[in-house]
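These are my notebook entries on a single protein chain.

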Amino acid sequence: MQRIRFIGDPVLRRETKEVTIFDDDLKLFVKNMIKTMHREDGIGLAAPQIGHSRKILVVDISGMEETEKPRAFINPTIVDSWGESVVEEGCLSIPDVREEVTRPEGIEVKYQNENGENHHNRFDGWMARVLQHEIDHVNGVLFVDLISPIKRKLLTEQKLIPNKY
Ligand SMILES: [Zn+2]
């Protein structure tokens, strides 16, 4: 079983390795990540959140958009972005914290799927939002890094996030 790592765990800040081998082990790993995401009631999960420093993330926004299915994004890079939107975010690694985060409204992403096929797509709406949050995770960034220092101080005082993380 994949265990969720929480804020303060150094693995959330560690540099991640690119995936180069697209074999059955990778497909099983992705399948288990989707299981873990569903078990934890998440709409996204990145490999560092379960202690693996690899550029892998999964997203499932089928709760908001009917045509969606669980999807894996391997080695994702944002190559372009536009607009701006403010959305309240939460994170499986930061329980009980929800804060508004400003991010681009839409993004263009290069990535591979679990079969190693290359994709280059533009996303907006929920997919763009969740993807940006999860791509941040594979780059060692947490959403509380993106809120104002005053709000962050308040969360520390309320012991919702540690002093150092
Ligand atoms: Zn998160």
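**Entry 1: the metal site**

Are Cys91 and His133 buried or exposed? I looked up both and found that Cys91 is buried and that His133 is buried as well. I record here that the model is a predicted one.

I then asked which residues coordinate the zinc ion. The donors are Cys91 through SG, His133 through NE2 and His137 through NE2, at 2.0 to 2.2 Å. Along the sequence, I noted that these donor residues follow the spacing C-x41-H-x3-H. Cys91 belongs to strand β4 (residues 85-91) and His133 to helix α2 (residues 125-138), so this pair ties together parts that lie 42 residues apart in sequence.

**Entry 2: the largest pocket**

I next looked up the largest pocket, whose volume is about 440 Å³. Its lining comprises 23 residues, and those closest to the centre are Ile43, Glu89, Gly90, Cys91 and Arg98. I noted that Cys91, listed there, is also a donor to the zinc ion.

Which element gives the most to this lining? It is α2, with six residues. At least two lining residues come from each of β4, β5 (94-103) and α2. By kind, I recorded ten nonpolar, six polar and seven charged residues in the lining of the largest pocket.

**Entry 3: a residue of helix α2**

I then asked what Gln132 is in contact with, leaving aside its neighbours within four places in sequence. The contacts of Gln132 are Ile78, Arg103, Pro104 and Ile107.

**Entry 4: the whole protein**

How many helices and strands are there in the protein? I found three helices and seven strands. Read from the N terminus, the order of the elements is α-β-β-β-β-β-β-β-α-α.

For the overall form, I compared the radius of gyration with that of a compact globule. A compact globule of 165 residues would have a value near 15 Å, and the protein agrees, with 15 Å. I also noted that the C-alpha atoms fill a box of roughly 45 × 35 × 30 Å along the principal axes. Of the 165 residues in the protein, 44% are buried. Among contacts between residues at least 6 apart in sequence, 62% join residues at least 24 apart.

**Entry 5: two exposed residues**

Where does Lys69 lie? I located Lys69 in the loop between β2 (56-59) and β3 (71-82). Its relative accessibility is 61%, so Lys69 counts as exposed. With neighbours within four places in sequence left aside, Lys69 is in contact with Val59 and Asp60. Lys69 and Val59 are ten residues apart in sequence, and I recorded a C-alpha to C-alpha separation of 8.4 Å.

I looked up Glu157 last, and its place is in helix α3 (residues 149-157). Glu157 has 52% relative accessibility and counts as exposed, because the cut-off for exposed is over 50%. I then looked up the distance from Glu157 to Lys17, 140 residues away along the chain. Their C-alpha atoms are separated by 34 Å.

Terms used
Residues are numbered from 1 along each chain as its sequence is written. This is a predicted model: local features need pLDDT of at least 70, side-chain atom pairs count only at pLDDT 80 or more; totals for chains, interfaces and linings use all residues. Side-chain values use heavy atoms; hydrogens and water are left out. Donors are N, O and S atoms within 2.8 Å of the metal (3.2 Å for Na, K and Ca); water is not among the atoms, so sites may look incomplete. Helices (H or I, at least four residues) and strands (E, at least two) are DSSP runs, numbered from the N terminus. Buried means under 20% relative accessible area, exposed over 50%, partly exposed in between (1.4 Å probe, protein chains only). On a 1 Å grid over the protein atoms alone, a cavity is a set of points where a 1.4 Å probe fits but cannot get out, and a pocket is an open set with protein on both sides within 12 Å along at least five of seven lines; lining residues have an atom within 4 Å of a point. Grid points are joined across faces, edges and corners, and a volume is the space filled by probe spheres set on the points. Ala, Val, Leu, Ile, Met, Phe, Trp, Tyr, Cys and Pro count as nonpolar, Asp, Glu, Lys and Arg as charged, and the others, Gly among them, as polar. Contact means heavy atoms within 4.5 Å. The radius of gyration is taken over C-alpha atoms; the globule rule is 2.2 Å times the number of residues to the power 0.38.
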